[in-house]
Amino acid sequence: MPDFLLELRSEEIPARMQAGARASLDKLFHEQMTAAGVSLGAVTVYSTPRRLALIARDLPLATAAVSEELKGPKVGAPPQALEGFLRKTGLTEDQLVERGGVLFAVTEKPGRATKDVLAEAIPAICRAFPWPKSMRWGAASISTESLRWVRPLSGIVAILGDEPVDCEVGGIRSGTATLGHRFHHPGAITIGGAADYVDKLRAAHVLVDHAEREGMVREQARAAAAKAGLTLVEDEGLVVENAGLTEWPVPLLGRFDEAYLEVPPETIQLTARTNQKYFICRDAQGQLANAFVCTANIAATDGGAAIVAGNRKVLAARLSDARFFWEQDRKTPLSVHAEKLARITFHEKLGTVADKVERVAKLARWLVESGVVVSSPERGGGPAQLVEGHPHDGAGASGTASAPPTVPLHRPADGPPPRAGEDASLADLAEQAARLCKADLVTEMVGEFPELQGLMGGYYARAEDLPDAVADAIRNHYKPVGQGDEVPTAPVTVAVALADKLDTLRSFFAIDEKPTGSKDPFALRRAALGIIRIVTENGLRLPLIQAATAAQAEPVEAHTPALAQELLAFFADRLKVQQKEAGVRHDLIDAVFALGGEDDLVRLLARVHALQAFVGTEDGANLLAGYKRAANILKKEEWQSAALSYTPEPEEKALIDALDSASPRADAALAAEDFAGAMAALATLRGPIDAFFDKVTVNDADPAKRAARLDLLEQFRAAVHKVADFSRIEG
């Protein structure tokens, strides 16, 4: 069975589009072959900047013959029905087949040569190709029906086995000739088939396998850095992009002026990466080195010296711009930059960015003064010593954790609140950081590189000798941005990061701009997940409902209780998503939230974890079964408490005694937030409730007995409800 080769050659395909193009070519080819009844073996798709290629293994020479039948009217049906069926099928009456008194039109479709199928499929694939951006070209482009491609299509190779597949797309006829490397092998290459395609192009300095090119970029860039005694800063996205820009990648190491190292390292890395697609390097001490690795698309005769020199000049111009922005921005204090935020609209219903900053500053102060975020009692000294690392809280310039000592950010649940003024300095620092946290949005550097917002604010704050805690908070107040991002731990940073995200959530909820389905234009889900991670990983005792209405500022209107509950429900949904990866059951989160009034995420999760451990035991499973049986009886009987009495039977008395003992112990455990102890107290009800259902008839003929037993079941249900709403638990 022969193999099939298809190559679609064009001008340069953008590197960012190549992975999607490979997937689209594979999908469209499978669709065409499946529709035509052609069975396929393995299909491999390649891409370079100048070509898309596909090799399909083990295609049949022809499709199988197909017999199709269409059911018609019954024998003896009205003539009009028969005539209509014959017109539809194009057959005569004597060509119909009768089976069981029903007429069928049977059509035999012979098999087709696979070459003919492919000749029709290739133009269909090209015309249906879903490029993110495409163009028309040449004289034919005056018609909207002309072929669209990412760049002008210049050649097609189509070979089945060793025979060419003849087809035409947009005036380009298929053949067996392609082109090699633009400089190393500019002439035409004749391809014999799928078997020699990869090797012939390799001989012409074209590596068609994108994975092979990625491996070369990755390993040779590391080797170039190591040869100079440096370490390459790994960047897999840059590896893929450089492989997508070259057909014969040759990584080369170059140097730039050391004077540019005075610019923040993240700026240098972003300039080199974004504008020039260069890797950067670190020295033996882990500091940024004045070196870069570029990827040439040619094996130069001078070893790449001229290429490196040209790239050095271009990078120097970019770094010169970055240094200019750095110097200019530092001439203006952040507080003056912050005044310009009043000119930037945050949202038409929420005012300017300055309005948001005002709300965040008030909320950050409230978080400290209310005791949610406090300084560490055992560290000694004032809040200025709360900073855990340099240049920012908990991470180096590369974003890797620097393992700071753990700082307790909250008081124990049973501890006293801070005295008035106890954390006044911390509150001042939090408010100061909040008022400056968005100031870098109007700087030249962030205007050029929006990705550096926050980070540059931290550098500018440190450059004007603001407290380290303030600089760190400005730098890290957007954290955590994603699931893998680190969570702030320094108190001032925590206060500002929480305030910023809380204000975003409550403000957009207040103007009814909530996420719907898959749409979340203001990233409110991400903000909620960030709050959850900050709160839970730092153990903060944050009352969410109170925080939703605290320290409110114009132009956002005061939140209603209904809106606060809506926010709480939104947090519940996000908590389910976040805890699912940790193996926590969503129904248990529902069971605790359903109790109402619980908006402390730390306490809620502690209760959920204890509940999950409990329902996983035999006692927990049986108690759940007993609860559901009791709840079903009470629901069916539409029970209401009645003031009747009688002498209980032994099993009733045992359950009454167990409730009298377990309920106070569960209450005490819950008050102390000993949720495992509360579950243990409830576990003592398992035996008595099982015996009650085994020996006692609830719906007794005696009205007094029936009412008393229903009342006892209600007491049992109420005792269990103190821990969680067991009706929400599955199983």
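The structure is a predicted model, in which local features need pLDDT of at least 70 and side-chain atom pairs count only at pLDDT 80 or more, while totals for chains, interfaces and linings use all residues. Residues are numbered from 1 along each chain as its sequence is written, and side-chain values use heavy atoms, with hydrogens and water left out. Helices (H or I, at least four residues) and strands (E, at least two) are DSSP runs, numbered from the N terminus.

In α7, the residues Glu266, Thr267, Ile268, Leu270, Thr271, Ala272 and Gln276 are buried, where buried means under 20% relative accessible area, exposed over 50%, and partly exposed in between (1.4 Å probe, protein chains only). The cover over these buried residues of α7 includes β15, β16, α8, α12, α13 and α14 (468-476), with contact meaning heavy atoms within 4.5 Å. Just after α7, Lys277 takes a positive phi of about 65°.

Helix α8 (residues 305-330) has 26 residues and reaches 37 Å from its first C-alpha to its last, which is close to the 38 Å expected at 1.5 Å a residue. Its buried residues are Val308, Asn311, Leu315, Leu319, Ala322, Phe325, Trp326 and Asp329. An α-helix has 3.6 residues a turn, so residues three or four places apart point the same way. Among the elements that cover the buried residues of α8 are β14 (250-255), α7 (265-276), β16 (288-296), α9 (334-339), α12 (444-448) and α13 (455-463).

Eight of the nine residues of α14 are buried, so α14 is largely enclosed by the rest of the structure. The buried residues of α14 are Ala469, Val470, Ala471, Asp472, Ala473, Ile474, Arg475 and Asn476.

Gln579 has its place in helix α18 (residues 561-580) and is buried, with a relative accessible area of 7%. Not counting residues up to four places away in sequence, Gln579 touches Val584, Ile589, Leu605 and His609.

## The four-stranded sheet

Four strands form an open sheet in the order β13-β15-β16-β14, and the pairing is antiparallel; two strands pair if DSSP finds at least two bridges between them. In this sheet β13 (231-232) and β14 stand at the edges, each with a single partner strand, so one side of each is left without a neighbour in the sheet. Helix α5 (residues 210-227) packs on the sheet, touching β13, β14, β15 and β16, and its direction makes about 30° with that of β14; axes are lines fitted to C-alpha atoms, for helices over the stretch in contact, and angles run from 0 to 180 degrees between N-to-C directions.

Strand β15 (residues 279-282) pairs with β16 in the antiparallel sense over three bridges, and Ile280 stands opposite Phe292 in β16.

## The hairpin of β5 and β6

Strand β5 (residues 97-99) and strand β6 (residues 102-109) likewise pair in the antiparallel sense over three bridges, with Arg99 opposite Val102 in β6. The hairpin has two residues between the strands, and Gly100 takes a positive phi near 65° there.

The charged end of Arg99 sits over the ring of Phe104, 4.4 Å from its centre; the criterion is that NZ of Lys or CZ of Arg is within 6 Å of the ring centre and within 35 degrees of the ring normal.

Rings of Phe, Tyr and Trp (its six-membered ring) pair if their centres lie within 6.5 Å, with planes under 30 degrees apart counted as stacked, over 60 as edge-to-face and the rest as tilted. By this rule the count comes to 13 aromatic pairs. Trp131 and Trp149 form one that is edge-to-face, at 5.2 Å centre to centre and 80° between the planes. Both Trp131 and Trp149 lie in the loop between α3 (114-128) and β7 (153-160), so the pair ties together parts that are 18 residues apart in sequence. Trp131 is buried, as is Trp149, and ring pairs link Phe129, Trp131 and Trp149 into a cluster.

Arg148 lies in the loop between α3 and β7 and, at 37% relative accessibility, counts as partly exposed. Leaving aside neighbours within four places in sequence, Arg148 is in contact with Cys126, Ser134, Met135, Arg136 and Trp137.

Note on methods
The expected span of a helix is 1.5 Å times one less than its number of residues.
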